Amino acid sequence: MAARRALKAVLVDLSGTLHIEDAAVPGAQEALKRLRSASVMVRFVTNTTKESKQDLLDRLKKLEFDISEDEIFTSLTAARNLVEQKQVRPMLLVDDRALPDFKGIQTSDPNAVVIGLAPEHFHYQILNQAFRLLLDGAALIAIHKARYYKRKDGLALGPGPFVTALEYATDTKATVVGKPEKTFFLEALRGTGCEPEEAVMIGDDCRDDVGGAQNVGMLGILVKTGKYRAADEEKINPPPYLTCESFPHAVDHILQHLL
């Protein structure tokens, strides 16, 4: 790991770290204000594929988080960038609320499958359609491969198991664009002028948030809210730089020890 440098940027996961659906993590708004008053750049990075960036921003504003659109980097943005680079016509296996982020993308006669979290569309007929496209040589692009996520009513299957099913059935490998991919974190830092060694990531997913960030040279802080389950911190090597109760505790640590 490269030598640590002065901290310049803090990347913050959204769902499970700042909020769970329509409820903010207690004290998170106040903690974000304290973090902003320090001399660091704050960026928000999310694998959420259930809603467009605009819907996400509206949700955060309702919860009284002071966040602007250009501070959010989503896996939907990363997926769109890849679709444009590859110049493919995707079958969009995403939630209808995420479709605005693909506005203007050509989808007729698809030669690629883009898959996110789409509970309404994860049924045999549609998955079989995707399967056939892949057998015919279409590229498989996974917005991310999270195993599960936290909802108000408990843990719920993420897109990962469905992506893996399609990989297994077609003997192909998906190109994954969201966390924990290195390119995702580097893209999120682009425009901040910061190196990974000058950044810290706070999130509730041990592998995708913390492990992914630490693999590119950032520090990773795991919070025990959202999808966190006991002993998650033992699932990655090296372990998280820090495991703490919640986002406000993570901010306390940063202000006291990293600045």
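An axis here is a line fitted to the C-alpha atoms of a helix, over the stretch in contact. Keep that in mind for the close-ups below, which all come from a predicted model.

**View 1. Helix H1 alongside helix H8.** H1 covers residues 28-36 and H8 covers residues 247-258. Their axes come within 8 Å and cross at roughly 20 degrees. Angles under 35 degrees count as roughly parallel, so H1 and H8 are roughly parallel to each other. As for handedness, H1 passes H8 in a left-handed crossing.

**View 2. Who meets whom between H1 and H8.** On the H1 side you'll find Ala-28, Ala-31, Leu-32, Arg-34 and Leu-35. They meet Phe-247, Pro-248, Val-251, Asp-252, Ile-254 and Leu-255 from H8. Sort this contact by class and you get nine nonpolar residues, two charged ones and no polar ones.

**View 3. Where domain 1 touches domain 2.** Here, 11 residues of domain 1 are in contact with 10 residues of domain 2. The size of an interface is often given as the accessible area lost when the parts come together. Between domain 1 and domain 2, the buried area is about 1,100 Å², with carbon and sulfur atoms giving 50% of it. Look out for Glu-21, Asn-47 and Lys-227: this trio supplies 42% of the area that domain 1 buries against domain 2, more than any other three residues.

Definitions and conventions. Residues are numbered from 1 along each chain as its sequence is written. This is a predicted model: local features need pLDDT of at least 70, side-chain atom pairs count only at pLDDT 80 or more; totals for chains, interfaces and linings use all residues. Side-chain values use heavy atoms; hydrogens and water are left out. Axes are lines fitted to C-alpha atoms, for helices over the stretch in contact, and angles run from 0 to 180 degrees between N-to-C directions. Helices (H or I, at least four residues) and strands (E, at least two) are DSSP runs, numbered from the N terminus. Angles under 35 degrees count as roughly parallel, over 145 as roughly antiparallel, 65 to 115 as roughly perpendicular and the rest as oblique. A crossing is left-handed if the near helix is turned anticlockwise from the far one by less than a right angle, and right-handed if clockwise. Contact means heavy atoms within 4.5 Å. Ala, Val, Leu, Ile, Met, Phe, Trp, Tyr, Cys and Pro count as nonpolar, Asp, Glu, Lys and Arg as charged, and the others, Gly among them, as polar. Buried area is the accessible area (1.4 Å probe) that two parts lose on being put together, summed over both.
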